[in-house]
Amino acid sequence: LALMMAAFTFTSCEDVPAPYDDPNGNGGNGSSELPEGEYLNETFTTSDFVNFEVKNIKGTPWTIYNSKYAIGSGYDNSLKITTESESYLISKELDLMSSKEASLTFDYVFRYNREGCVDKVYITDNYTGDPATTSWEDITGNLTEASDWNTWTTFQRNIPAKYIGKKGIRIALYYSCTESTSATWEIKNLFVKEGKVEEGGDEPSTGEGDGTETNPFSVNAALAKESAENVYVKGFIVGYV
C-alpha cells in the first residue's frame with residue numbers, strides 16, 4: 001500500500017471506482033449521462049441488455065452470459081447441438097453531431113469459424129426498425145480467431161467519416177449459422193469514443209486497462225507504472241500498513 005500511495009495521487013475518495021459495475025451509473029449499462037467524448041459504453045456485465053436491443057430473425061438470439069459478456073452462437077454446449085440461427089444486436093441511437101472523429105472498440109473471443117458462419121459489425125444512419133430492411137455498412141474487417149477462451153482480442157475501427165456530425169447512428173453486431181456448424185462470438189467492453197484508433201489488425205487484449213475511468217488499470221498494471229497521477233485503478237484493498 002505504501003508503494004501504491006507513492007505512485008498515485010487521488011484527488012478524492014469519490015475518484016476511486018467501486019469494485020463492481022453500478023447499474024445506476026455510467027459504468028457501462030446505466031442511464032446516466034456519459035462523460036464528454038464518449039458516445040456509447042456497454043460492458044455487458046448486467047443480466048440484460050440496456051444500450052442494445054436484440055432483433056432475432058430465427059434460432060438462438062444474442063444473450064448475456066452470467067453478466068460477463070454478450071454471446072452470439074447457435075451452439076448449445078450443454079445439449080451438444082447446433083440450431084440454425086440469425087440474430088442482430090443493435091445499439092441505441094448515437095448522437096455524433098459534435099464529433100470530429102470517433103472510433104468503435106470492444107474486446108472479443110471468436111472461435112470455431114467454419115463455412116456457413118457469418119459474424120459482422122455493421123453501422124447505419126438510417127435504421128428502419130427492421131434490420132432486414134435497413135441498409136447496413138459492413139465495418140468488420142478481419143476477425144482474429146482465438147485458440148482458447150481466455151485470450152481476448154481488441155477490435156478497433158474508426159467510424160467512417162460520412163457518419164460523423166450526424167444523429168441517429170446505430171451499431172449492430174450480427175451473427176448467423178447453419179444447423180450443422182456455428183462460430184461462437186463473445187463480446188465485452190464496447191465503446192464508441194471521440195478520437196481515432198490505429199487500425200490494421202486486431203491485437204490481443206492484455207486486460208490491464210489504460211488508467212481511464214472506463215478502462216481502469218488493474219492492480220498489477222498500476223504497480224508496474226513508475227509514476228502516474230490522477231488515474232483510475234480497479235481492485236480490492238486487502239490490507240494496509
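1. Ground rules. Two strands pair if DSSP finds at least two bridges between them. Helices (H or I, at least four residues) and strands (E, at least two) are DSSP runs, numbered from the N terminus. The model is predicted: local features need pLDDT of at least 70, side-chain atom pairs count only at pLDDT 80 or more, and totals for chains, interfaces and linings use all residues. Residues are numbered from 1 along each chain as its sequence is written, and side-chain values use heavy atoms, with hydrogens and water left out.

2. Strands S9 and S12. Strand S9 covers residues 118-124 and strand S12 covers residues 170-177. The two run antiparallel and are joined by 7 bridges. Within this pairing, valine 121 faces leucine 173 of S12. Strands of a sheet pair through backbone hydrogen bonds, either parallel or antiparallel.

3. The sheet around them. S9 and S12 belong to an open sheet of 5 strands. Its order is S2-S7-S12-S9-S10, and the pairing is antiparallel. Which strands are at the edges? Strand S2 (52-58) and strand S10 (137-138) are, each pairing on one side only.

4. Overall make-up. The protein has 2 helices and 14 strands. Of its 241 residues, 41% are buried. Buried means under 20% relative accessible area, exposed means over 50%, and partly exposed lies in between (1.4 Å probe, protein chains only). The accessible surface is about 13300 Å², and carbon and sulfur atoms hold 47% of that. Accessible areas come from the Shrake-Rupley method with a 1.4 Å probe; for residues, only the protein chains shown count as cover. Take the contacts with a separation of 6 or more: 71% of them join residues 24 or more positions apart. Contact here means heavy atoms within 4.5 Å.

5. Strand S1. Is S1 mostly covered or mostly open? It is mostly covered, with 5 of its 5 residues buried. S1 pairs with strand S13 (residues 184-194) through 4 bridges, and the two run antiparallel. Glutamate 38 stands across from lysine 193 in S13.

6. Two positive phi values. Phenylalanine 44 is not a glycine, yet its phi is near 60°. It lies in the loop between strand S1 (38-42) and S2. Its relative accessible area is 0%, so phenylalanine 44 is buried. Lysine 80 also has a positive phi, of about 60°, and is not a glycine. Its loop runs between strand S5 (75-76) and strand S6 (81-82). Lysine 80 is exposed, at 53% relative accessible area.

7. Cysteines. How many disulfides does the structure hold? There are 0 disulfides. The cut-off is a pair of cysteine sulfur atoms within 2.5 Å. Cysteine 117 counts as buried at 12% relative accessibility, and cysteine 177 is buried at 5%.

8. Aromatic pairs. The structure has 16 aromatic pairs. Rings of Phe, Tyr and Trp (its six-membered ring) pair if their centres lie within 6.5 Å; planes under 30 degrees apart count as stacked, over 60 as edge-to-face and the rest as tilted. Tyrosine 88 and tyrosine 174 have ring centres 4.6 Å apart and planes at 50°, so this pair is tilted. The pair links distant parts of the chain, with tyrosine 88 in strand S7 and tyrosine 174 in strand S12, 86 residues apart. One aromatic cluster is made up of Trp62, Phe106, Tyr108, Phe110, Phe155, Tyr175 and Trp185.

9. Charges over rings. Arginine 157 lies over the face of phenylalanine 155, 4.2 Å from the ring centre. Phenylalanine 155 is also one of the residues in the aromatic cluster. Lysine 188 places its charged end over the ring of tryptophan 152, 4.1 Å from the centre. The test is NZ of Lys or CZ of Arg within 6 Å of the ring centre and within 35 degrees of the ring normal.

10. Lysine 100. This residue is in the loop between strand S7 (85-91) and strand S8 (102-111). Lysine 100 is exposed, with a relative accessible area of 72%. What does it contact, leaving aside neighbours within four places in sequence? Lysine 100 contacts Ile164 and Glu194. Alanine 161 is 61 residues from lysine 100 in sequence and 8.8 Å from it in space, C-alpha to C-alpha.
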